[in-house]
Amino acid sequence: MAREQLLIWEGAHPYALSVELRKDSHVTDLKDTVVTTLRETFASHPIYTYVARTDEVPGPDFDRTQIVITDVYTYDVKFLPAVTMKLDSSSNYAVSFNQNSAPILENGVPVVGTINYLVGADGKFVLDNKGRQIPNFYEYAGGWDNSITLTVSAEDTITREEVVSYLSFAMQHLLRDILYTRGVFIKATSVSGETETPYANDYIYQQ
């Protein structure tokens, strides 16, 4: 145990825990990335065309769009067909016991400067027990395994089938490289069964 603690002290640099930690949101960023990418893709679909608003307010132009893509679902037929994204679960994984922690690099070189390294009240760099400057920010190697659900809702079964077919193909093939460059790697996709939800005197068809 003592040896393990020594390794953690030497490798993980616990002093970094006392400074600000910059991190990406695996929830907000994931949703924004997937929803934005799907909107861009459906913007060129010949039938279920996504049309965005032309002002500064993000979101669809409900008067012209042929499909709604969002993470908020509403039971209103005027918003159908719709693709709704939901985050089901997230689990973090690291590549090593200290997550390969390292100072933030710029062109492969640690960024040097008072903004990126801790500075004491005396205006001098704060040093660790080995005389090294302590970075303000660390970057870590690792990632998040996320499970998401994309629900297609439509007023009829034909629309549901067409949107599901295109969506599943796009997520597995058309958008795989695009999402990868944006920080989202698709490991696997699957299509669930069909459901019908009563609405007024009719049904909303989902999958």
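Q: What does buried mean here, and what do exposed and partly exposed mean?
A: Buried stands for under 20% relative accessible area, exposed for over 50%, and partly exposed for the range in between (1.4 Å probe, protein chains only). The model is predicted: local features need pLDDT of at least 70, side-chain atom pairs count only at pLDDT 80 or more, and totals for chains, interfaces and linings use all residues. Residues are numbered from 1 along each chain as its sequence is written, and side-chain values use heavy atoms, with hydrogens and water left out.

Q: Is Arg160 buried or exposed?
A: Arg160 is buried, at a relative accessible area of 2%.

Q: Which residue meets the side chain of Arg160 in a salt bridge?
A: Side chains of opposite charge can pair when their charged atoms come close. A salt bridge is counted when a side-chain nitrogen of Lys or Arg is within 4 Å of a carboxyl oxygen of Asp or Glu. Arg160 meets Glu196 at 3.1 Å, N to O. This pair links distant parts of the chain, with Arg160 in helix α3 (residues 157-174) and Glu196 in strand β8, 36 residues apart. Helices (H or I, at least four residues) and strands (E, at least two) are DSSP runs, numbered from the N terminus. Glu196 is partly exposed, at 40%. Shared partners join Arg160, Glu194 and Glu196 into one network of salt bridges.

Q: How many salt bridges does the structure hold?
A: There are eight, including one between Arg182 and Glu40 at 3.0 Å, N to O. Arg182 lies in the loop between α4 (176-181) and β8 (195-199) and Glu40 in helix α2 (residues 28-42), so the pair ties together parts 142 residues apart in sequence.
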